[in-house]
Amino acid sequence: MNTPVPRATSASTRARAGRAVYARNFGVDENTAERLMAERAGEVYVAEAYEAAGGPGWNGDSLTGRDRGIAVIAALVASHVIDERLDVYLDLARRNGVDENGLVQLMILLTAYLGQPYPSAAMGAVRRTEPGSHDRVADDTPWADAHDVPPCGDA
């Protein structure tokens with residue numbers, strides 16, 4: 001007995017708020033955000049992601065967009081997510097007032113708590129997404145895989 005799966009477009013008030021959050025974070029309109037999300041994760045996942053994003057984590061009044069961007073960057077780096085998912089939140093942090101020095105300082109701070117491999121790999125994403133960088137760090141460099149990053153001082 002299969003239960004029909006709700007589509008992301010037939011959404012609750014909370015899911016509609018979550019859809020708006022993703023659009024804002026991606027820097028695109030809501031229809032584009034939904035298309036991008038559905039292409040990557042599928043409609044079932046997207047419907048649940050919208051419900052979560054529509055709650056107090058992204059819509060509460062105690063955290064700023066800057067705070068949220070920094071928190072998500074820290075979580076992604078700790079999980080060794082250094083691809084375009086991290087790029088989205090690096091851009092979000094920049095749009096909310098975190099400059100390049102702030103992002104470098106964040107990676108240094110994360111190194112103190114996570115060790116060197118993941119934050120040093122994430123520095124590749126910081127540099128790659130820096131305004132005007134034009135992909136200064138290629139995806140096929142050793143920085144793309146945290147396990148290949150040499151220990152500090154052995155570079």
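Start where two helices meet. From helix 1, Tyr22, Arg24, Asn25 and Phe26 are in contact with Val88, Tyr89, Leu92 and Arg95 of helix 6. Sort that contact by class and you get five nonpolar residues, two charged and one polar. Now the geometry. The two axes, helix 1 and helix 6, come within 8 Å and cross at roughly 80°. An angle from 65 to 115 degrees counts as roughly perpendicular, so helix 1 is roughly perpendicular to helix 6.

A word on what we are looking at. This is a predicted model. The protein has eight helices and zero strands. Read from the N terminus, the order is α-α-α-α-α-α-α-α. There are 155 residues, and 35% of them count as buried. Take contacts between residues at least 6 apart in sequence: 62% of these join residues at least 24 apart.

Back to helix 1. Which of its residues are buried? Ala15, Gly18, Arg19, Val21, Tyr22, Ala23 and Asn25. Those buried residues pack against helix 2, residues 30-41, and also against helix 3, helix 4 and helix 6. Just after helix 1 comes glycine 27, with a positive phi of about 75°.

One name on that list is an arginine. Arginine 19 sits in helix 1. Its relative accessibility is 17%, and the cut-off for buried is under 20%, so arginine 19 counts as buried. What does arginine 19 touch, leaving aside neighbours within four places in sequence? The contacts are Glu30, Asn31, Glu34 and Tyr50.

A pair of rings is described by the distance of the centres and the angle of the planes. How many aromatic pairs does the structure hold? Three. Take tyrosine 22 with tyrosine 50: the ring centres are 5.8 Å apart and the planes sit at 50°, so this pair is tilted. Tyrosine 22 belongs to helix 1, residues 13-26, and tyrosine 50 to helix 3, residues 43-53, so the pair ties together parts 28 residues apart in sequence. Buried or exposed? Tyrosine 22 has 18% relative accessibility, so it counts as buried. Tyrosine 50 has 1%, so it counts as buried as well.

Next, tryptophan 58 with tyrosine 89. This aromatic pair is tilted too, at 6.2 Å centre to centre and 35° between the planes. It links distant parts of the chain: tryptophan 58 is in helix 4, residues 56-59, and tyrosine 89 is in helix 6, residues 84-95, 31 residues apart. Both tryptophan 58 and tyrosine 89 are buried.

Tyr22, Phe26 and Tyr50 form one aromatic cluster.

Last stop, helix 7. Isoleucine 108 is found there, in residues 100-114. Is isoleucine 108 buried or exposed? Its relative accessibility is 57%, so it counts as exposed. Isoleucine 108 and serine 120 are 12 residues apart in sequence, with 8.4 Å from C-alpha to C-alpha.

That's my tour. Over to you.

Notes
Residues numbered from 1 in each chain as written. Predicted model: local features only at pLDDT ≥ 70, side-chain atom pairs only at ≥ 80, totals over all residues. Heavy atoms only, no water. Phe/Tyr/Trp six-rings, centres within 6.5 Å; stacked < 30°, edge-to-face > 60°. Helix = DSSP H or I, 4+ residues; strand = E, 2+ residues; numbered from the N terminus. Buried < 20%, exposed > 50% of the residue type's maximum accessible area, 1.4 Å probe, protein only. Axes fitted to C-alpha atoms, helices over the stretch in contact; angles between N-to-C directions. Parallel < 35°, antiparallel > 145°, perpendicular 65-115°, else oblique. Contact = heavy atoms within 4.5 Å. Nonpolar A, V, L, I, M, F, W, Y, C, P; charged D, E, K, R; others polar.
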